[in-house]
Amino acid sequence: MRLDIITIFPRMFDCVFSESMMRIAREKGLIDLRVHDLRSWTGDKHRKVDDIPYGGGYGMVMKPEPFYKAVLVVGESDNLDDIRSRSRIILFTPRGRVLNQGLVEEFAREDRIIMLCGRYEGIDERVHEHIATDEVSIGDFVLSGGEVPAMVLTEAVIRLIPGVLGGEESLAEESFTEGLLEYPHYTRPAEFVGWRVPDVLLSGHHAEIAKWRRKKRLEATLLKRPDLLEKAKLSNQDKKLLEEIKTGVEKEAGFQDPGKLI
Ligand code: ADE
């Protein structure tokens, strides 16, 4: 997979991309990740990427030309439509589709992703309308620019590429695959300042451990992110376990009405 990031702050990426999983993915040749300075595509002595807004008003607006030229060079074609048809061109903006694991999986299936990082104050609307294929937000809050969102998306996508993580089985069990949160993890010692690891995990009984873990995933999702349960893939056994959890939790909380929790 080839990923290109276009930004006025290329050095912001140096540290993040040269450590840990991103470094390994690059070194193994599993991804071709390139960061470009948007100012390389300016034509003036001051390398200006912004200008005053038409119609007046506060602040500066990022110009369309440098983004346009950057995409043509990075996309290796002089036909923008051609590039748009074979790549995802993502513009980070709080007004975009909010990133979730489903969208990350969609991006991970692409051959080419081009990310455009603008400063939040404003990007010429023609970049949104004619250059980007996707507008993405990383949450309902405002950042100063698209650089941190580009790091977030890159990390989330790269770890799904086969061979990057090593243990692919860990992907299958983690949060959001299947739409459930993870079960709790423990390591040695079995007791630490009086806090004990649940007995079932010390029992060596694999079927019981698997059942306990599934129940804990369902319980965590029910209590912390009940919204996820609506879309989760649940077996009949899961539904039975959920009923057990609800009854148990309600009893503990002293609820009278068994339908109350959901
Ligand atoms: N730019 C500024 N805020 C943002 C956000 N929340 N997501 C993506 N890009 C942004």
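Is V193 buried or exposed? With a relative accessible area of 59%, V193 is exposed, because exposed means over 50%. The model described here is predicted.

## Overall form

The chain holds 12 helices and nine strands. Its C-alpha trace spans about 70 × 45 × 40 Å along the principal axes. The radius of gyration of the chain is 24 Å, whereas a compact globule of 262 residues would have one near 18 Å.

Two domains are assigned: domain 1 covers residues 2-158, and domain 2 covers residues 177-253. Their C-alpha centres are 39 Å apart.

## Burial, contacts and surface

Of the 262 residues in the chain, 40% are buried. Taking contacts between residues at least 6 apart in sequence, 70% link residues that are at least 24 apart.

The chain has an accessible surface of about 15300 Å². Carbon and sulfur atoms account for 52% of that surface. As for charge, there are 39 positive and 45 negative side chains, and the centres of these two sets are separated by 2 Å.

D51 belongs to strand β3, which is made of residues 50-51. The relative accessibility of D51 is 33%, so D51 counts as partly exposed, a class that lies between the 20% and 50% limits.

Leaving out residues up to four places away in sequence, D51 touches M60, V61 and K63. M62 is 11 residues from D51 along the chain, and the C-alpha atoms of D51 and M62 are 6.5 Å apart.

R47 is not a glycine, yet its phi is positive, at about 55°. R47 sits in the loop between β2 (32-37) and β3, the strand in which D51 is also placed. With a relative accessible area of 36%, R47 is partly exposed.

V193, the residue of the opening question, also has a positive phi, near 40°, in a residue other than glycine. The loop between β8 and β9 (195-196) is where V193 is found. As stated above, V193 is exposed, at 59%.

Which residues does a cis peptide bond join? The bond joins R188 and P189, and its omega is about 5°. P189 lies in the loop between α8 (168-173) and β8 (191-192).

Methods
Residues numbered from 1 in each chain as written. Predicted model: local features only at pLDDT ≥ 70, side-chain atom pairs only at ≥ 80, totals over all residues. Heavy atoms only, no water. Helix = DSSP H or I, 4+ residues; strand = E, 2+ residues; numbered from the N terminus. Rg over C-alpha atoms; globule rule 2.2 N^0.38 Å. Buried < 20%, exposed > 50% of the residue type's maximum accessible area, 1.4 Å probe, protein only. Contact = heavy atoms within 4.5 Å. Areas by Shrake-Rupley, 256 points an atom, 1.4 Å probe, with all protein chains shown as cover. Lys, Arg positive; Asp, Glu negative; His and termini not counted. Charge placed at Lys NZ, Arg CZ, Asp CG, Glu CD. Domains from an automatic or database assignment.
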